[in-house]
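Subject: Structure handover

Hi,

Here is the structure for you to look through. My notes on what turned up follow below it.

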Amino acid sequence: MKLRKILSGVLASVMAVTALSACGGGGAKVDKSKLTGPAKYDEQVEIKIPVYDRGIQGQADVDNNYWTNYVQENFGDEYNIKVTYVPITRKEDVTVFNELLAAGEQPDIIFSYDYPSVMSYYSRGAFQPIDEEILKLYAPTFYENTKDLEEYAMADGQRYFLTATRPRAYNWVSVVRLDWLEKAGLEIPKNREEYVNMLRKFKELKLGGEDTIPETKSLFNAYFPNYPQREYPLSEEDNAMYSDITVASLTWDATKEELKYWNQLYNEGLISPEWMLDKDGTQMRSDFISGKAGVYGFYLSQTPPVLQSLVENCPDAKVAVLKPYTETGNPADAAGRAEWPFGMVAGISKDCEHPEAVMMYYEWLSQPENLFIMQNGIEGVTYNIENDIPVLVDDYTGTERLNYNSNKDMWCLVTEGKDYGSEEKNLEAQKKTYAPAGFEDLIQQSYDNYQSQKDYLYTDFLFDRSIESLSQYGETLKSKWEVIQVNLITCKPEEFDAKYEAACKEYLSAGYQAVLDEKAEVYKEMKSK
C-alpha cells in the first residue's frame, strides 16, 4: 500500500501519458491518477504466455485446463485480456523457442532457467527493452518483490529481463531403494566406489527381478554434470570456459572422465539398457515405479505421483535420499552446482504489441492471494489447512487438480517456490506440501544434505554479455552431443579413448572451438576492466 501511495502521488501524474504512449495506441485507457497497477482495456487484447509441456501421461493439456481457465476468468476477463498459453516442450525448450523465433511465431514472453540461453535470445534481438518506470506503474508488487535482482535483469546497461525470486527448495531428490540396501546388507554409499559396488550388488541379487535396473538413466540434453571429476577448488577461468548448461563441455578432461565412468556402468549393465531412447525421462519413471530400478532422481511433488505409485506396486518398498560424498575428505566429491539467487528469467518479445498487458499479468500473479490460489488450489478440495499450512490432497483427481508440481509451470514467472517467510516455516511447509504422506522425512534428508554440501557448491560463471557463438552453433552442437554421448557411453571400454579423440575433433570443428575462443576473449576483457 505504501508503494501504491507513493506511485499514485508522485508518478501517476507525471508518467501516465508516457506509459500509454510507450505501449502504443493499444494501452489501457485509465484515469491517470489510478495508473499504479493493472487497468482494464476498452477493447480486448491478447497476450501469449509460454508454459512448459512435460509430456506427463494422464495430465490435462497444459494450455487448456481448469487453471488456465481460472486465469482467464479471474485475470483476463477482469482486464479484457485474452490469455493464450503456448506449450513449450520442457526438454527441448531452447530448440522450440529458437524455432518459434525463426518463424516469427514466438509468444509474448520468452523465458529460461538458464541465463546463457536468455542472453542468447537477447543477442538475436528477441526482446524489447523494459522501461523500469513503466514496470513500476503496471507491476508495482512484482517490481518491489524483485528489485534486489535488478543486476540480473540488465543487458548492455538497459533492462531487458523480468527475474523471478528463488526461495530455497528441497524438492529435488535422488533416492535409492532402502529395502534393497537392507536385503544386500549395505549402507547408503559414502563414496563412488561404494556406490558402484552397491549397483553391482543390486544386479547380482536381481532385487528388481530378472530385468533389474540398478540405476535409471535417460539421454542427456546439453547439461552434463561432471562435478566429481573437476578439480577443486575450480579456477574461475575453467568455470567460465566450461561450466555451461547450454552446450556440453565435451573436450574438458572432467567431461571425458565422467563419460568414461558412464561407459563403465553401461558395459557392466548397471544403468537403463535403452537409456538413449528415453529423451524425456518417461521410461526411467516407469522402471522405478514398477519396482525394477534401484536409483531414481525426481521432484517429490511431481505429478503423477512417483512414490505412491511405487508403494502400490511394491508394498514393502522403502526409499532414502542419496547423500553427497561429504565424508570422503575430498571436497570435489561433494561439489555441485549452486543455484542462482533468481529463478526463471524472461524477456518480453520484441513483437509483443501490449507489453503493459504482460506486466499486468506479472502483477496479478504477484498478488499474495492470487499466488496462493495458483500454488494450492481450492481449500477442502485440493488442499486442507493443517497447523496454518496448506497441505495438498495427494490423491485428488478431479477437474480442479493442480498441474505438474503444484501448478509451478504457471507461476514460476514470479517465483521459484512457495515462501512462508522463514527457513523454518518453509521447511515444515515443504514436508507437508512437497512430500507425499508418509515420506515427509525425505525433505528433511534433502535439507540435511544441502547443509552438509553447501560450502562446496558454486555457481556457473556469469558473462556480462551474450556469447554469440552459442547462438550460432548451439543447436548444431546439441545435435552432435546427442549422438556422441551415445557412441561414447555404449562403446567397448577399449574403444573409448580413440572414439573420444575423434569426437572432440568433430565437435570442435562443428563450432565448439569458436565458442571456446569467444569465451576466452570475453573473459579476458572482463578481467581487464
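A search of the whole structure, a predicted model, finds 38 aromatic pairs. Rings of Phe, Tyr and Trp (its six-membered ring) pair if their centres lie within 6.5 Å; planes under 30 degrees apart are stacked, over 60 edge-to-face, and the rest tilted.

Tyr52 is in strand β1 (residues 45–53), and Tyr113 is in the loop between β3 (109–112) and α4 (115–123). The two are 61 residues apart, so this pair links distant parts of the chain. Helices (H or I, at least four residues) and strands (E, at least two) are DSSP runs, numbered from the N terminus. Tyr52 is buried at 1% relative accessibility. Tyr113 is buried too, at 17%. (Buried is under 20% relative accessible area, exposed over 50%, partly exposed in between, with a 1.4 Å probe and protein chains only.)

Phe75 and Tyr79 also form a tilted pair, 5.6 Å centre to centre with 55° between the planes. They sit four residues apart in helix α2 (residues 66–79), which means about one helical turn separates them. Phe75 is buried at 0%, and Tyr79 is buried at 17%.

Ring pairs also join Tyr115, Tyr122, Phe127, Tyr152, Tyr160, Phe161, Trp340 and Phe342 into a cluster.

Two arginines sit over rings. Arg90 lies over the face of Tyr52, 4.4 Å from the ring centre. Arg230 has its charged end over Tyr227, 4.0 Å from the centre. The test is NZ of Lys or CZ of Arg within 6 Å of the ring centre and within 35 degrees of the ring normal.

Next, the cores. A nonpolar core is a set of buried Ala, Val, Leu, Ile, Met, Phe, Trp, Tyr and Cys residues joined through side-chain atoms within 4.5 Å. The largest has 72 residues; Phe75, Ile81 and Phe161 touch the most other members. Helix α14 (residues 355–366) gives this core its largest share, eight residues. A second, separate core has 58 residues, including Tyr242 and Phe461.

Finally, α14 meets helix α15 (residues 368–376). Trp364, Leu365 and Ser366 in α14 contact Pro368, Asn370, Leu371 and Met374 in α15 (heavy atoms within 4.5 Å).

Residues are numbered from 1 along each chain as its sequence is written, and side-chain values use heavy atoms, without hydrogens or water. Local features need pLDDT of at least 70 and side-chain atom pairs count only at pLDDT 80 or more, while totals for chains, interfaces and linings use all residues.

Best wishes
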